[in-house]
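Dear colleague,

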Amino acid sequence: MDEKATSLKKELFNKIKNLKINNLISITNIGSFQNIKKLESVNDVDLVIIIKKLTWEDYQEIMNEFNKIAKNLSKNDLKIIVETMLGPIKPSPIKNKKIIQLHLLIYDIEGIRTRRKTVLFDAVNFGTTLYGKALKELIKVENITKENLLEDFNIHLEDLKNNTAYRSRYVNKEGEIKRLDELMELSEEEYLEIYIYHIITAFLNYSRYFNPKLKKDKNLMLKNAKNLLPKEYYEILDVTFKIKEEIRNRNEISKHEILKLRGNGIKFIEFLKKQIE
């Protein structure tokens, strides 16, 4: 891990640990930022935030506090932004600046428990608690079942086949907070990110069905894939990881490769689904 990434991560997490927000129960960092080694052009910090009973006032207070953190930590070569929409939300890169997106996934106790079990499994068992109670104290998700996997695969396949993506945002309806779901219009590059997400996430959850302790790590996943997949499907996963690395380095991917990955993603997940059925 380079010194700049280490320093920023420490400063950011310290500020989160010292937040003063009414009715706040828990903040958990999930996803790749937990193990960040260097800052990319765009970096996503996924934070699961749990409130006792979410109101519009709570939502505004959370936004205000995190906007203060963003303003305080932003510098000439570093822009920190706050995002609360749920879904594949990623800011565009800015020349000569690193971007940190604080992606706030805000729920109350009732709301978090309605999330898909595969999503909860990752957050509960692999997240880093930054504030308050660990998610394990609030929710028990000890394994991924066949039913959880099939539900997940069907959602991945529906989005891939229909080429769709959705986002959710909180809105104020006559003083009450409501969640609004919307169909997203994406660029080719953004769709590519979605295809990568579907393939890697589907295989990660498939692997965790057999090995619940498997971390979301490229090398560990590919090692596991050699034992679980025929060569043809191993190669689809391997290529997906390579394309992910290429777009992180801002290399362009041809339209042909994007369409091929979508087709391979459908084929790959249908294979995993057949194995489970």
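**Helix packing and a pocket**

Helices α7 and α10 are roughly parallel to each other, because angles under 35 degrees count as such. The axes of α7 (residues 188-210) and α10 (residues 255-276) come within 10 Å and cross at roughly 20°; axes are lines fitted to C-alpha atoms over the stretch in contact, with angles running from 0 to 180 degrees between N-to-C directions. Helices here are DSSP runs (H or I, at least four residues) and strands likewise (E, at least two), numbered from the N terminus.

This is a predicted model, in which local features need pLDDT of at least 70 and side-chain atom pairs count only at pLDDT 80 or more, while totals for chains, interfaces and linings use all residues. Residues are numbered from 1 along each chain as its sequence is written, and side-chain values use heavy atoms, with hydrogens and water left out.

The crossing of α7 and α10 is left-handed (the near helix is turned anticlockwise from the far one by less than a right angle). Residues in contact (heavy atoms within 4.5 Å) include Leu192, Ile199 and Phe203 in α7, and Ile258, Phe268 and Leu272 in α10. This contact comprises 14 nonpolar, 3 polar and 3 charged residues; Ala, Val, Leu, Ile, Met, Phe, Trp, Tyr, Cys and Pro count as nonpolar, Asp, Glu, Lys and Arg as charged, and the others, Gly among them, as polar.

Helix α7 also packs against α8 (residues 218-228), at an angle of about 70° and with the axes 11 Å apart. The two are therefore roughly perpendicular to each other (65 to 115 degrees), and α7 passes α8 in a left-handed crossing. Ile200, Phe203, Leu204, Tyr206, Ser207 and Phe210 in α7 meet Met221, Asn224, Ala225 and Leu228 in α8. Of these residues, 8 are nonpolar, 2 polar and none charged.

With α4 (residues 117-126), the axis of α7 comes within 11 Å and crosses at roughly 70°. Thr118, Phe121, Asp122 and Phe126 in α4 meet Leu204, Asn205 and Arg208 in α7.

Finally, the second largest pocket holds about 370 Å³ of space. A pocket is an open set of points on a 1 Å grid over the protein atoms alone where a 1.4 Å probe fits, with protein on both sides within 12 Å along at least five of seven lines; lining residues have an atom within 4 Å of a point. Grid points are joined across faces, edges and corners, and the volume is the space filled by probe spheres set on them. The lining has 16 residues, with Lys53, Leu54, Asp108, Tyr170 and Ile177 nearest the centre.

Yours sincerely

Terms used:
Angles under 35 degrees count as roughly parallel, over 145 as roughly antiparallel, 65 to 115 as roughly perpendicular and the rest as oblique.
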